Amino acid sequence: MKQILCYGDSNTWGYWGNDWTRFPFEERWPGRLELLMGKEYRVIEEGLCSRTIAMEDSVQPHRNGLRYLKPCLMSQFPLEYLIVMLGTNDTKRRYGLSAQEIGLAMEELLKTVLGFFHWTGAKTKFLLVAPAPLQSYEGGFEMDGDSLRKSRMLAGIYQELADAYGTAFLDAGACVRHFQTDGCHLHREGHKELAGAIYHKLKQM
């Protein structure tokens, strides 16, 4: 059976509402993707709420995505596809990162992934997904207007990185239209939209 690893934050975890409830697997985009891909594929869902690309955080520890990525890849090896969608949490006010600095962090993650593939001789296909930008910042105390602005810049920065490193790219903001009231998390229809877009992208790779 071929494996697909989906590495992301709360929108991969399937966060629903404000009380740490979660959409059922079959309604989250990784679960919907597994259904679309068929019985030949197993989707491994590696989402963590508040996960960043590379930031250490004493308020919410263990969220550094770069630190955990290589052990995760080693644990789930071999993979047919790796899908990474991170960056929204890096726009939080307390981190003080510019959009360009978030891009630098993603570049380090890309280097880690490609280095791992080279070391293992893996033929894994890699898809970099720019998260859908924030629709508002009023649903949470950690984001502000600057977070919203930076989130809108990530797709262009990630596209340039994907082009430079020869990886596939998808802009989730171009296909997702349904969000929860916080303006950050995907509604169940948004999960459906994203799963469909990723499915079609994987088929092109």
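Reader: Why is Glu 56 called partly exposed?
Author: The relative accessibility of Glu 56 is 47%, and buried means under 20% relative accessible area, exposed over 50% and partly exposed in between (1.4 Å probe, protein chains only), so Glu 56 counts as partly exposed. This is a predicted model, in which local features need pLDDT of at least 70, side-chain atom pairs count only at pLDDT 80 or more, and totals for chains, interfaces and linings use all residues. Residues are numbered from 1 along each chain as its sequence is written, and side-chain values use heavy atoms, with hydrogens and water left out.

Reader: How many salt bridges does the structure hold?
Author: The structure holds 13 of them, and one is formed by Arg 22 and Glu 45, whose side chains meet at 3.1 Å, N to O. That pair links distant parts of the chain, 23 residues apart, with Arg 22 in strand β3 (residues 21–22) and Glu 45 in strand β4. Arg 22 is partly exposed, because its relative accessibility is 34%. Another salt bridge joins the side chains of Glu 27 and Arg 188, again at 3.1 Å, N to O. Here Glu 27 lies in the loop between β3 and α2 (29–37) and Arg 188 in helix α6 (residues 188–204), so parts 161 residues apart in sequence are tied together. Besides these pairs, Asp 57, Lys 92, Arg 94 and Glu 142 are linked in a network of salt bridges.

Reader: Why do such side chains pair at all?
Author: Side chains of opposite charge can pair when their charged atoms come close.

Reader: Is Ser 50 buried or exposed?
Author: Ser 50 has a relative accessible area of 10%, and therefore it is buried. Ser 50 is found in the loop between β4 (41–47) and α3, and it has a positive phi of about 70 degrees although it is not a glycine. His 62, in the loop between β4 and α3, likewise has a positive phi, near 70 degrees, in a residue other than glycine, but at 73% relative accessibility His 62 counts as exposed.

Reader: What is the volume of the largest pocket?
Author: The largest pocket has a volume of about 520 Å³, and of the 25 residues lining it, Tyr 15, Ser 50, Gly 140, Glu 142 and His 185 are the closest to its centre. On a 1 Å grid over the protein atoms alone, a pocket is an open set of points with protein on both sides within 12 Å along at least five of seven lines, a cavity is a set where a 1.4 Å probe fits but cannot get out, and lining residues have an atom within 4 Å of a point. A volume is the space filled by probe spheres set on the points, which are joined across faces, edges and corners.

Reader: How many cavities of 30 Å³ or more are there?
Author: There are two, and the largest holds about 60 Å³ of space, with a lining that includes Asp 9, Met 85 and Phe 179.

Reader: Which residues does Val 84 touch?
Author: Not counting residues up to four places away in sequence, Val 84 touches Tyr 7, Met 106, Leu 109, Phe 126, Leu 127, Leu 128 and Val 129, where contact means heavy atoms within 4.5 Å.

Reader: What joins Phe 77 and Pro 78?
Author: A cis peptide bond joins them, with omega about 0 degrees, and Pro 78 lies in the loop between α3 (65–76) and β5 (81–85).

Notes. Helix = DSSP H or I, 4+ residues; strand = E, 2+ residues; numbered from the N terminus. Salt bridge = Lys/Arg side-chain N within 4 Å of Asp/Glu carboxyl O.
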